[in-house]
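Subject: Structure handover

Hello,

I am passing on a structure that you have not worked with before. Please open it below first; my notes on what was found follow.

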Amino acid sequence: MRHAYVSVEGIARRYPGATVFEDLWFGVNRGEFVCVVGHSGCGKTTVLNILAGLEAPSAGEVIVDGQAIEGPSLDRAVIFQGHALMPWMTAEQNVGFALSCRHRGWPRARLREAARAALVRVGLEQAAEKKPSQLSGGMKQRVGIARALAIEPKMLLMDEPFSALDALTRGVLQDEVARLVAEADQTAFMITHDVDEAILLADRILLMTNGPEARLAEIVVNTLPRPRQRATLHRMPGYHALRDHILEFLITRSRTLAGAPPAGWDPRRVPELRPADAPAALAAP
Ligand SMILES: Nc1ncnc2c1ncn2[C@@H]1O[C@H](COP(=O)(O)OP(=O)(O)OP(=O)(O)O)[C@@H](O)[C@H]1O
């Protein structure tokens, strides 16, 4: 944990009369994709906002690449559920604007070229001159993804980025994010309610108990090999064991484990489990 690229060290969020979570510890390694899963209200968005520097924790701190977070930064790009594009700018200008904030000295031609290249990577070269109102929800979210990746952040933060999209578009974008994040070796942290999305994308999945006073109860290591694809995910050995484990947590243990921690609980040493390895272990002689 001490050597993690992103180190979340004992953060808490308290409101008068209500503690959302307390003493939360976890790390994210460089190039790792971490998803957080938990029921509504356990504090997932609060954790993401703290990682983004949009909110300060009531206690504890977050270290990214050796530096404590003190506010928002282009080093940590956020993709929200709504795409948050500037409506008066074209797709290319939206990406170009972010790039101009990152690279203050770049001439206009270089910004345009880099913005185009970012849009090509998400398959939007035809839509570069369109404004957000002329784009579908999926295309707008793609611009958001292009914009976030173009600035090459130290960490990509995603708060249910696909939840407002139809199932087909969501699936296509999940596969694309998997590809783009792998190509860029991007460190990523994502909130999702979709268990298959977490299994497709994550190296590790953080399971949080129900709030108030939510806890990080377990870390599930996703040992399914990469590359993974949505269409074939369910046929990978270990997939069902992994999925059942997470669903069982959401249905039962997120509730039964909520509240006071068990005796001897150490929030710095949350158990890491590898449920997808179980079939291999059973098959061993
Ligand atoms: N001003 C406030 N006073 C008291 N409690 C608050 C305040 N603002 C937020 N909360 C509580 O903080 C908790 C965490 O909210 P957060 O949005 O982080 O949860 P979440 O897990 O992301 O939920 P969802 O999945 O619904 O987005 C909620 O239970 C909410 O009621």
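The residues around the ligand are Tyr15, Ala18, Val20, Gly38, Ser40, Gly41, Cys42, Gly43, Lys44, Thr45, Thr46 and Gly211. A residue is put in this shell if its C-beta atom, placed from the backbone, lies within 6 Å of the molecule.

Two notes on the source come before the rest. Residues are numbered from 1 along each chain as its sequence is written. The model is predicted: local features need pLDDT of at least 70, side-chain atom pairs count only at pLDDT 80 or more, and totals for chains, interfaces and linings use all residues.

Ligand shell

The shell around the ligand divides into 4 nonpolar, 7 polar and 1 charged residues. In this division Ala, Val, Leu, Ile, Met, Phe, Trp, Tyr, Cys and Pro count as nonpolar, Asp, Glu, Lys and Arg as charged, and the others, Gly among them, as polar. At least two residues of the shell come from each of β2 (18–28) and α1 (44–52). The largest share, 3 residues, is supplied by α1. Helices (H or I, at least four residues) and strands (E, at least two) are DSSP runs, numbered from the N terminus.

The antiparallel sheet

β2 also belongs to an open sheet of 4 strands, in the order β2-β1-β4-β5, with antiparallel pairing. Its edge strands are β2 and β5, each of which pairs on one side only. Two strands pair if DSSP finds at least two bridges between them. Strand β1 (residues 6–15) is joined to β2 by 8 bridges. Within this pair, Arg13 stands opposite Phe21, and Ser7 has Gly27 as its bridge partner. The two strands form a hairpin with 2 residues between them, and Gly17 in the turn has a positive phi of about 80°. β1 also pairs with β4, again in the antiparallel sense, over 5 bridges; there Val6 stands opposite Val64.

The mixed sheet

A second open sheet has 7 strands in the order β6-β7-β8-β3-β9-β10-β11, and its pairing is mixed. At its edges are β6 (76–79) and β11 (272–273), each pairing on one side only. β6 runs parallel to β7 (residues 155–159), and 4 bridges join the two. Val78 has Leu157 in β7 as its bridge partner.

Helix α4

Helix α4 (residues 137–150) has 14 residues and reaches 20 Å from its first C-alpha to its last, close to the 20 Å expected at 1.5 Å a residue. The expected span is 1.5 Å times one less than the number of residues. Of the 14 residues of α4, 12 are buried. A residue is buried if 20 or more other C-beta atoms lie within 10 Å of its own, exposed if 12 or fewer, and partly exposed in between, with C-beta atoms placed from the backbone. Among the buried residues of α4 are Met139, Arg142, Ile145 and Leu149. The buried residues pack against β6, α2 (91–102), α3 (108–121), β7 and α5, where contact means C-beta atoms, placed from the backbone, within 7 Å. Just after α4, Glu152 takes a positive phi of about 45°.

Most residues other than glycine have a negative phi, and most peptide bonds are trans. Where are the exceptions? Asp65 has a positive phi of about 50° and is found in the loop between β4 (59–64) and β5 (67–68). Asp65 is exposed, with 12 other C-beta atoms within 10 Å. Asp185 likewise has a positive phi of about 50°; its place is in the loop between α5 (167–184) and β8 (188–191). Asp185 counts as exposed because it has 9 C-beta neighbours inside 10 Å.

The peptide bond from Gly211 to Pro212 is cis, with omega near -5°. Pro212 is in the loop between β9 (204–208) and β10 (216–221), and Gly211 is one of the residues around the ligand. The bond from Arg226 to Pro227 is also cis, with omega near 0°; Pro227 lies in the loop between β10 and α7 (230–233).

Record

UniProt, in an unreviewed entry, places the feature "domain: ABC transporter" at residues 6–235. UniProt positions are given in the numbering used here, feature names are shortened, and annotations may be inferred rather than shown by experiment. The end C-alpha atoms of residues 6–235 lie 33 Å apart, and the span is 34% helix and 25% strand.

Regards

Conventions: Contact = placed C-beta atoms within 7 Å.
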